[in-house]
Amino acid sequence: MAEQRIVKWGIMGPGGISDNFATELPHAPGGRLVAVAGRSLDKAQAFADKFGIPRAYGSCEELAADPDVEIVYIGTLHPIHKENALTLLRGGKSVLCEKPFTINAAEAREIAELAREKGLFLMEAMWTRYLPAIAKVREWLDSGVIGDVRIVKAEFGFDAGWNPEGRLLNKEKGGGTLLDAGIYPVSFASMVFGGEQPARIESAVVIGETGVDEQFSLLFEYGGGRTASLHGSVRLSMTNEAVIYGTKGRIEVPGFLFAKAATLHVKGAEPVVFEHELEPSGHFYQAIEAMECLRAGRKESAIMTVDETVRIMETLDRVREPWGLKYPSEQG
């Protein structure tokens, strides 16, 4: 087998999620971290020292100007995703941008347009889509083994505790359940229904003291008897399971966010269980996909297209609109 071309990565934002990415990138064959940048050079240098990264920068502009970097993983807070992505794309870098892709759909469209204008690869880091168990779910869905899908149930919630200055409850930092935790069940429903977005949305929300959504329940209607029931919270510990109901059976995904297993139930047949132990937690599968696309000259992933990312952000905008929840960058 021919040796894979080395893909040289940069990281924008030396925070916790980037720590996960840097820890797991060695599990993705042919990936090499060569630079990291942050708004603080000291933090970027400490991150570089921890992971043996050759270069550290104190700005996104410096990272964008590094001729050795081919693709950058953006792990900053989502209110600055747009600024970071546009800077990197203008510098000729391909981009893997953490979820939620942006604050809203208008920002997502702006990034997508520039990537296409520059002919650069762009992908949302919806890492769960690339887990082997979720890939098996798509395989079962594509085979039609459970018949016509009618109902999707998915939830993701955890108790983050009370920290009004922390990222999750702070509106200035893009806090709230929908964008941080809710993106997972919403994106899961989009995947199950082939990227289709709901024709009608009903919701219930709890807006907390800090002005962000602390929990929500959504009902999506797609027409043809198809619905999705989705729930999320950053103040409640939830089971975090997903179930897909079809006319001939169902698919169960316990703990779908870190899915290690999926079970297929078809009428009249024994359950089929797919299991795959994650090592360490599965964040590296998205890097494998991005690098395979780059080596093949593809500008986006067929598993998580840029258009679908934009459509999901449009759905999140529609969900938030009746809540009256706007972020500082959206005021005025």
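This is a predicted model: local features need pLDDT of at least 70, side-chain atom pairs count only at pLDDT 80 or more; totals for chains, interfaces and linings use all residues.
**Largest pocket**

I began with the open spaces. The largest pocket has a volume of about 630 Å³. I counted 25 residues in its lining. Nearest the centre of this pocket lie I17, G75, T76, L77 and R167. I then looked up which helices take part. Helix α1, residues 16–24, supplies at least two lining residues, and α7, residues 177–192, also supplies at least two. By class, I noted 10 nonpolar, nine polar and six charged residues in the lining of the largest pocket.

**Second largest pocket**

The second largest pocket comes to about 180 Å³. Its lining is made of 13 residues. R138, M191, G194, G195 and I303 are the ones nearest its centre. Three helices each give at least two residues to this lining: α6 (132–143), α7 and α9 (306–320). Which helix gives the most to the lining of the second largest pocket? I found that α6 does, with three residues. The lining of the second largest pocket divides into five nonpolar, three polar and five charged residues.

**Cavity**

I found one cavity of 30 Å³ or more. The volume of the largest cavity is about 60 Å³. Its lining consists of M126, T128, R129, I134, Y184, S187, F188, M191 and F256. Helix α7 gives the largest share of this lining, with four residues. I sorted the cavity lining by class and got six nonpolar, two polar and one charged. M191 is on my list for the cavity lining, and M191 is also among the residues nearest the centre of the second largest pocket.

**Helix α7**

At 1.5 Å a residue, the 16 residues of α7 should span 22 Å. The end C-alpha atoms of α7 are 21 Å apart, which agrees. Where in α7 does a kink lie? I found a kink of about 55° at I183, shortly before the proline P185. I also checked burial, where buried means under 20% relative accessible area. In α7, 16 of the 16 residues are buried, so the helix is largely enclosed by the rest of the structure. Just after α7 comes G194, with a positive phi of about 65°. G194 is one of the residues nearest the centre of the second largest pocket.

**Helix α6**

The buried residues I listed in α6 are P132, A133, I134, K136, V137, R138, W140 and L141. Of these names, I134 had come up in the lining of the largest cavity, and R138 near the centre of the second largest pocket. Just after α6, G144 takes a positive phi of about 75°.

**Hairpin**

Last, I turned to two strands. Strand β13 covers residues 261–266 and strand β14 covers residues 272–275. The two pair in the antiparallel sense over four bridges. What stands opposite T263? I found V273 there, in β14. The two strands form a hairpin with five residues between them. In the turn, G268 has a positive phi of about 80°.

Terms used:
Residues are numbered from 1 along each chain as its sequence is written. Side-chain values use heavy atoms; hydrogens and water are left out. On a 1 Å grid over the protein atoms alone, a cavity is a set of points where a 1.4 Å probe fits but cannot get out, and a pocket is an open set with protein on both sides within 12 Å along at least five of seven lines; lining residues have an atom within 4 Å of a point. Grid points are joined across faces, edges and corners, and a volume is the space filled by probe spheres set on the points. Ala, Val, Leu, Ile, Met, Phe, Trp, Tyr, Cys and Pro count as nonpolar, Asp, Glu, Lys and Arg as charged, and the others, Gly among them, as polar. Two strands pair if DSSP finds at least two bridges between them. The expected span of a helix is 1.5 Å times one less than its number of residues. The bend at a residue is the angle between axes fitted to the seven residues ending there and the seven starting there. Buried means under 20% relative accessible area, exposed over 50%, partly exposed in between (1.4 Å probe, protein chains only).
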